Amino acid sequence: MAPRILFFGYSEVGHDCLALLLERGDEVVGLVTHEDSPGEKIWFRTPAALARAHGLPVFTPEDVNTPAWQERFAALRPDLILSAYYRKMIGTRLLDLARLGGWNVHGSLLPKYRGRAPINWAVLHGEPRVGMTLHRMVRRADAGAIVDQEAVDISARDTAEQAFRKALPCARRVLARQIDALLAGTARETPQDESQ
């Protein structure tokens, strides 16, 4: 039986990573995402419409870490949890539901720029490259061991949105390279250098 993936995602990174799984025919058992905020300009594709078009259940909890939501997600029997631009912390109790672990696609070249808006911060600090990192999810935000990452050059004139557009394809490529290893439980992990 194919491993069951519970996907947490938002933004265009979430959309593109979910699209990859659906194109591959992976066993995605549901999408956990965010309601679009009325105060936010939504300039990106999100995964919710894609999930609904494929008949996937879509969940938009305020807090995924409540006992009620944990029970609901446990009933989906996920083997693997995958997150891509999901904006809230997924607690260890929830991650422990998945025998193959929880993994996240983060929009920086970790260990630099953990947390929210990493590409914006990289541009603000004049970084010459941005990228995407696939890493294990742990208790601390974006602190787990790295499985893979891919970088792309940006120019000093790029806006944060232009840099994001350049980095976006890296997310799908990194996931495409590693998804079979994640599903087999054989992904190679490198601990992050905390000094960075």
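Me: Before we look at how parts of this predicted model pack together, what does contact mean here?

Reply: Contact means that heavy atoms lie within 4.5 Å. In this structure, the buried residues of helix H3 pack against strand S1 (4-9), strand S2 (27-32), strand S3 (58-59) and helix H4 (92-95).

Me: Which residues of helix H3 are the buried ones, and which are exposed on the other side?

Reply: An α-helix has 3.6 residues a turn, so residues three or four places apart point the same way. In H3 (residues 67-74), the buried residues are Trp69, Gln70 and Phe73, and they lie on the same side of the helix because they cover an arc of only 105 degrees around the axis. On the other side of H3, Pro67, Ala68 and Glu71 are exposed.

Me: Is helix H1 mostly covered or mostly uncovered?

Reply: H1 is mostly covered, with 12 of its 14 residues buried, and among them are Val13, His15, Asp16 and Leu20. This helix, residues 11-24, reaches 20 Å from its first C-alpha to its last, which is close to the 20 Å expected at 1.5 Å a residue. After H1 comes Gly25, whose phi is positive, near 85 degrees.

Me: How should I read the largest nonpolar core, and how many residues has it?

Reply: In soluble globular proteins, nonpolar side chains tend to be buried together. Here the largest nonpolar core has 43 residues, and those with the most contacts inside it are Phe7, Val13, Leu82, Met132 and Leu182. Helix H6 (residues 160-184) gives the largest share of this core, 12 residues. A second, separate core of 16 residues includes Phe8, Phe59, Ala98 and Met137.

How values were computed. Residues numbered from 1 in each chain as written. Predicted model: local features only at pLDDT ≥ 70, side-chain atom pairs only at ≥ 80, totals over all residues. Heavy atoms only, no water. Core = buried A, V, L, I, M, F, W, Y, C linked by side-chain atoms within 4.5 Å. Buried < 20%, exposed > 50% of the residue type's maximum accessible area, 1.4 Å probe, protein only. Helix = DSSP H or I, 4+ residues; strand = E, 2+ residues; numbered from the N terminus. Expected span 1.5 Å × (residues − 1). Arc of directions from axis to C-beta.
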